[in-house]
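This report describes a protein model for a reader who is new to structural analysis. Please look at the sequence and structure below before reading on.

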Amino acid sequence: MSELIYKNASELAQMLQKGEVSSVELTQAHLDRTAAVDGAVHSYLHVGPEAALAAAKDVDRRRAAGEKLHELAGLPIAVKDNLTTTDAPTTSGSKILEGWIPQYDSTVVKKLREAGMPILGKTNLDEFAMGSSTEFSAYGPSKNPWDLGRIPGGSGGGSSSVVASFQAPLAIGSDTGGSIRYPAFVTGTVGTKPTYGAVSRYGLIALASSLDQVGPVSRNVLDAALLQDVIAGHDPHDSTSLPESLGSMTEAAKKLDVKGMRIGVIKQLSGEGFQPEVSARFNESLELLKNAGAEIVEVSCPSFEYAIAAYYLILPAEASSNLAKFDSVRFGLRVTPEGAPTIERVMAATREAGFGPEVKRRIILGTYALSSGYYDAYYGAAQKVRTLIQRDFEAAFAKADVLVSPTAPATAFKFGEKLEDPLAMYLNDIATIPANLAGIPGMAIPNGIAENNMPSGIQLLAPAREDARLYQVGAVLEKMHEEVWGKRMIDFAPMLEVKN
Amino acid sequence: MAKDELMNYEKALEQFEVVIGLEVHVELNTNTKMFCGCRNEFGDEPNTNVCPICIGLPGSLPAVNKRAVESSIKIGLALGCEIAPNGRFARKNYFYPDLAKNFQTSQYDEPIAFEGLLQVEVPSGNSFTVQIERAHMEEDAGKLTHVGGSTGRIQGAEYSLVDYNRAGVPLVEIVTKPVYGAGAEAPELAAAYVRSIREIVKGLGVSDAKMERGNVRCDANVSLRPHGQEKLGTRTETKNVNSLRSIERAVRYEIQRQAALLAKGTAIIQETRHWHEDKGATSSGRPKSDADDYRYFPEPDLVPVQPSKEWIEELRAGLPEKPADRRKRVQAEWGFADLEFRDVVNAGLMDQIEETVAAGAKPQAARKWWTGELARIANSQEKDVIDLEISGAYVAELANLVEAGKINDRLAREVLTFVLDGEGSPAEVVAKRGLEVVSDDGALIAAIEAALAKQPDVLDAIREGRMQAAGAVIGAVMQAMKGSADAGRVRELLIEMANK
């Protein structure tokens, strides 16, 4: 097995630039790794060796010809399967889209191709990104490389496990309520949900349009910064994408200075309800920041108490409408029931067979929340909570430059543990959801190992458009964590048994 | 279709007060669709003007067509409406196979334009103020064709075809407040209102405004209440009435039908109804209650439309002259008597006559052709005269051919039928079919001599000053030459021969 795969993306990018390794070599090394471990981990729903190697070969040829290439050209990447790709099926983890090959590339995928990054494959997710464990994927769950009996987080468990098991140096995720950050937390990897609108949603199969955001997944803060710089930017195809550039994340990650920065600890997201080791690691991180010259302040966000309730009204409401298009008429699954196949019956039979239990649960919830007579009490009230949460953040950011909390209440749980209890499942996202409701950026980085030998992590939050602050503080913290623990967090993960 | 009992119209009006409300959909003539770059073109091959956005592929997102917003604002301003500083789009959710996303992107509580007024004159010369509640932007649906079964309706069809070329075409829906007090003239007012809307949107250049192509579609709400009752009666909504005369007939029919039911003590069912031009009757559609639940909510994929004050004022300054001012001006320019002019206005022929005069016809000639022969042809085809496929330029050419003596009135009417059949311009038809009047003396003298052979006394009679005797010969010559003789020249020749 090639040692290349264990390196950080930034290092590999430099080796490619210097010609120390070819893209074909690097891409093949990762494909070999997948052949060896993905039977056990199940990060991928689709692996595309031909397309990846063809793209790698093209980059190598252009480099040899002396073309000026993108900084990350030749570096392979994995993409969450809710982003459209013209050369690979896109299922969003659902049976209703089984085998669907989109007619167009999502903007993010287009940018990856333009940068010359070979796409290794499409990663697993909870169906339509609804879940925290990948247990709701119609194609079976992904496993946590730290402990194959535990969940890799969700919905982006495919993207977190694919980088945590060294099958890809980088991956693309999407985050509606924590689907990038929670999987990063449970797999000891790094994940960022950029400011809403920083990255185009065009070609992202929508879960909840006002909350969804595409972002980078990596093993290292600088790597995430490099990837966010590739995928960010205004897109005329996405009206909600920000018109202005947010600057270079890579530069921010290289500053390595937090002196004088005010770090706000969110009172409501610590202490009670958080696993003791998670709290312990969190407090250690605060100490490190203080030692590095940052000022620690406490902030209060009283409306966070209602965040999950509001989120589970807004998300299902938007999802119920976004998922209406899956009706068998133009694409995807079509189930013809026995008897007279009227359009209503075909639509109903298709949706009955094509959607899984969590998707149905949320469609029903959302349809109800939007119904006339209930709108004000549910959807309307949830929007008010959303405004209150935004105000809480505004007040907090008046006192602090960056806010911090543990990324989630507890380290990775075991498969099946929360499957029958949706509320317990939803609570995993208690710390990540407020950022989506407010549209602000958030980053999850590992900050040590808990007593059960599973990774723990810290979440950083910044005001909208100030994503750079996350990378600046994140890189400093990461460096200090590695000094304290003696090596990269990911290197604490047990070696996976390799199948030859 | 069960035959409805109808009450005598005058009797119905004695017993009930009529309240109408009109919803007019105007299809905009922008180059591209409302939310994507597809061509907005009528009559192309099915499903050729489509893309991931207008067929609602997963991941696709809408982006607002600025020109459509501009057209909508112009319509709002022309109707005297306020323009919303923050016009939001909303999703109207319902499942139907012509609706690609199974929701229509429309506007709900924040339409682009609201609170306007339109002064409408009916044929009697009475004038009514119609209050406009709102004008909002939305997208059109695709077109369904039901194949098999006799009615062309979905019931009994073997299968149905969907053409998404029309899906996403920009529409402006103009909704009136309830219109009271039109009494017996309610049907005429409904038609005159729609005619005014057509004039306005055509004058603005924002729509082709052809009703037979569905560029302008009208839904007519009708309810009755006993005179003196404050509470509005139950209304019916007759959908997609596709010509001005149908609107008038449909409203009249609903008044008579509802009156008969109410007089018997039968309640009116709140429902949509379909107008059948051939049967001159409406039939029951689907029940429509005020609680129809479309689960409207703000469209999260689009940012609100926020037209600047400067832009609105710029558009206001560029509006064409007000219809009333224009009427005054053109009547004076054309020198039409009041009654002549009212006929023109009632037939909605101002644009046509203006175009014809601009192409070189004398105003009176233009008026005679449009309100005379062309109106007669339209009537015989049960069409509105403005829907005839003939341009003002062709009518001018025809009038000028008559004026120049190239053809006479009878020949001109013949030429016209060929022009309407699409054989080309009047001059081309005259040339191709040899329809020019014969003023060649040789041919005429031969015909006169043949006629005189049968009526030898005529020359004597002329010499004696009895000119009416010439008529018989002229008639015979015309008959012999199938109407193409130049009657004036025949008369001259006859006089010459008599005086030799």
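## Overall build of chain A

The secondary structure of chain A comprises 16 helices and eleven strands, where helices (H or I, at least four residues) and strands (E, at least two) are DSSP runs numbered from the N terminus. Chain A has a radius of gyration of 21 Å, close to the 23 Å that the globule rule gives for 500 residues, so it is as compact as a globular protein of that length. That radius is taken over C-alpha atoms, and the rule is 2.2 Å times the number of residues to the power 0.38.

This is a predicted model, in which local features need pLDDT of at least 70 and side-chain atom pairs count only at pLDDT 80 or more, while totals for chains, interfaces and linings use all residues. Residues are numbered from 1 along each chain as its sequence is written, and chains are lettered from A and ligands numbered from 1 in the order in which they are written.

Along the principal axes, the C-alpha atoms of chain A fill a box of roughly 70 × 55 × 45 Å. Of the 500 residues in chain A, 61% are buried; a residue is buried if 20 or more other C-beta atoms lie within 10 Å of its own, exposed if 12 or fewer, and partly exposed in between, with C-beta atoms placed from the backbone. Among the contacts in chain A with a separation of 6 or more, 76% join residues 24 or more positions apart. Two residues are in contact if their C-beta atoms, placed from the backbone, lie within 7 Å.

## An enclosed helix and its surroundings

Eight of the eight residues of helix H5 (residues 157-164) of chain A are buried, so this helix is largely enclosed by the rest of the structure. Among them are A:Gly157, A:Ser160 and A:Ala164. The loop between strand S3 (119-123) and H5 of chain A contains A:Ser155, and the peptide bond from A:Gly154 to A:Ser155 is cis, with omega near 0°. Just after H5(A), A:Phe166 takes a positive phi of about 60°. Most residues other than glycine have a negative phi, and most peptide bonds are trans.

A:Ser328 counts as buried because it has 21 C-beta neighbours inside 10 Å. B:Arg295 counts as buried with 23 such neighbours inside 10 Å.

## Two helix pairs

Two packed helices are described by the angle between their axes and the distance between the axes. In chain A, the axes of helix H2 (residues 23-41) and helix H3 (residues 49-64) come within 8 Å and cross at roughly 160°. Axes are lines fitted to C-alpha atoms, for helices over the stretch in contact, and angles run from 0 to 180 degrees between N-to-C directions. H2(A) and H3(A) are therefore roughly antiparallel to each other, a term for angles over 145 degrees.

In chain B, helix H3 (residues 186-204) and helix H4 (residues 244-263) pack at an angle of about 150°, with their axes 8 Å apart. H3(B) and H4(B) are therefore roughly antiparallel to each other. Their contact includes B:Ala190 and B:Val194 of H3(B) and B:Ile247 and B:Val251 of H4(B).

## Between the chains

Which chain do 25 residues of chain B contact? They are in contact with 34 residues of chain A.

Methods. Angles under 35 degrees count as roughly parallel, over 145 as roughly antiparallel, 65 to 115 as roughly perpendicular and the rest as oblique.
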